[in-house]
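Visitor: I would like to learn how to read aromatic rings in a protein model. Could you walk me through it?

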Amino acid sequence: MTSSPPTASTAGTVSRTAWLIVGLLFPVALLNYLDRQMIASMKVSVMGDLKDIGSEENWGHMLASFKWVYAIFSPIGGYIADRFSRKLTICGSLFIWSLITYLTGHVTSFEHLYWARTAMGISEAFYIPAALALIADFHTGGTRSRAVGIHQVGIYCGVMVGGFAGYAADWEHMGWRGAFDLTGLIGILYAIPLLFLLKDAPRALPAHSAEIDQKPSALATLRELLTNVSFLLLVLYFTLPAIAGWVVRDWGPAILQQEFNISQGKAGVSAALYWQFAALVSAIFGGWLADRWMRHNPRGRIYTSALGMFLFIPALFGVGNAPALGSFSLAIAALILFGIGWGFFDCNNMPILSQITRPEVRATGYGVMNFVSMMFGGAADWGFGYMRDHGIPLNVIFGAFASLCVVSVVLVLMIRPREVR
């Protein structure tokens, strides 16, 4: 039995609800990245307190462990959100990772920190696939890229606030432990009203619903995704630039501090604030541009994302060569350009996924994308620490990242969208 067309009043209610969902998830996205980002800005304080960390490679290994477990559990979290409830997946994830964030402020050794960050990776893995799929469920028309872009702005705000964590770590009344305590408690408290305010989108049944498995098994879901050529191209496209993105995010403060001999606080702010603010602005503009382009061309979101990817190339060359040229200004300008490209790229990944997959498998699909991307991102974090310990020049490392982005531009242009809601 098919449902009747929505009335104007119903459409208006759905629209208000759709934007309310984005508003409710915005602070969750902020906390999701604040809790993971601020440790990069407080690296000096954490390593100074936990003496048994010892080396850059150990620090990189700790960062990598977060990403690897995040990667492994992302498809699981996505499948649970597809199969059961996006709302409960989001609220449970927020509560658990916030509790772990609070407990991180009480670790006493590198081993404790390592396992706390690993547990955080597991709990945070359930959020992003469920949240972006929920937004796509409600924003089925011409607002999808804008809605995702605004949600991603919450992520950028979290990274920017995390950039100030170096100052919090240096403040005698807060310290790095107090910063973890505070953000953990905020997340725990917000999870309670969110549970009552957030809602799952109603699923419309097709005319022959008995013939269609609305919630396929895990194996059927993976088979559907992995036999979709456009999905495989999107996975690769999503992964290659994220390698550079994670290194910039996780190692940026340390790079600026060491190469330009500035304070921990200034390095954390400089590494996070400029490119994340640029990404914030470009995500909003890129979402608007993609939605507008889609009115005339079904590849509008693909073209907008490819434009952002193209900007990564000179940006990464700039980041890699700025220290050798002794130009802090070049480093900041390159980070800003990287942020502009990232906003265009980031606000269109789920919308592009929504053009090539059914709603019932999208959270799982994004989880698979996260799995591959984070596995390589973790290897990049660990490998970057290893390469830094062995003196490999930054321009060589970032030049390799830029070459991966050239490949990515080709990959995204090969994706073929189809008609899905």
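Guide: Here is a short tour of ring pairs and of charges over rings in this predicted model.

Visitor: How is a pair of aromatic rings described?

Guide: Two things describe a pair of aromatic rings: the distance of the centres and the angle of the planes. In this structure the count comes to 24 aromatic pairs. One of them joins Phe110 and Tyr114, with 6.0 Å centre to centre and 70° between the planes, an edge-to-face pair.

Visitor: Where do Phe110 and Tyr114 lie?

Guide: Both belong to helix α5 (residues 110–124), where Phe110 and Tyr114 are four residues apart, about one turn of the helix. Phe110 and Tyr114 are both buried.

Visitor: Why is the pair of Phe260 and Phe328 called edge-to-face?

Guide: The planes of Phe260 and Phe328 stand at 80°, and over 60 degrees counts as edge-to-face. Their ring centres are 5.3 Å apart. Phe260 is in helix α11 (residues 229–260) and Phe328 in helix α14 (residues 328–346), so this pair ties together parts 68 residues apart in sequence. Phe260 is buried, at 17% relative accessible area, whereas Phe328 is partly exposed, at 24%.

Visitor: Which residues do ring pairs link into a cluster?

Guide: The cluster is made of Tyr237, Phe238, Trp275, Phe312, Phe338, Trp342, Phe345 and Tyr366.

Visitor: And which ring does the charged end of Arg36 sit over?

Guide: That ring belongs to Tyr33, and the charged end of Arg36 is 4.0 Å from its centre. Look also at Lys43, which lies over the face of Trp59 at 5.9 Å from the ring centre.

Technical notes: Residues are numbered from 1 along each chain as its sequence is written. This is a predicted model: local features need pLDDT of at least 70, side-chain atom pairs count only at pLDDT 80 or more; totals for chains, interfaces and linings use all residues. Side-chain values use heavy atoms; hydrogens and water are left out. Rings of Phe, Tyr and Trp (its six-membered ring) pair if their centres lie within 6.5 Å; planes under 30 degrees apart count as stacked, over 60 as edge-to-face and the rest as tilted. Helices (H or I, at least four residues) and strands (E, at least two) are DSSP runs, numbered from the N terminus. Buried means under 20% relative accessible area, exposed over 50%, partly exposed in between (1.4 Å probe, protein chains only). A charge sits over a ring if NZ of Lys or CZ of Arg is within 6 Å of the ring centre and within 35 degrees of the ring normal.
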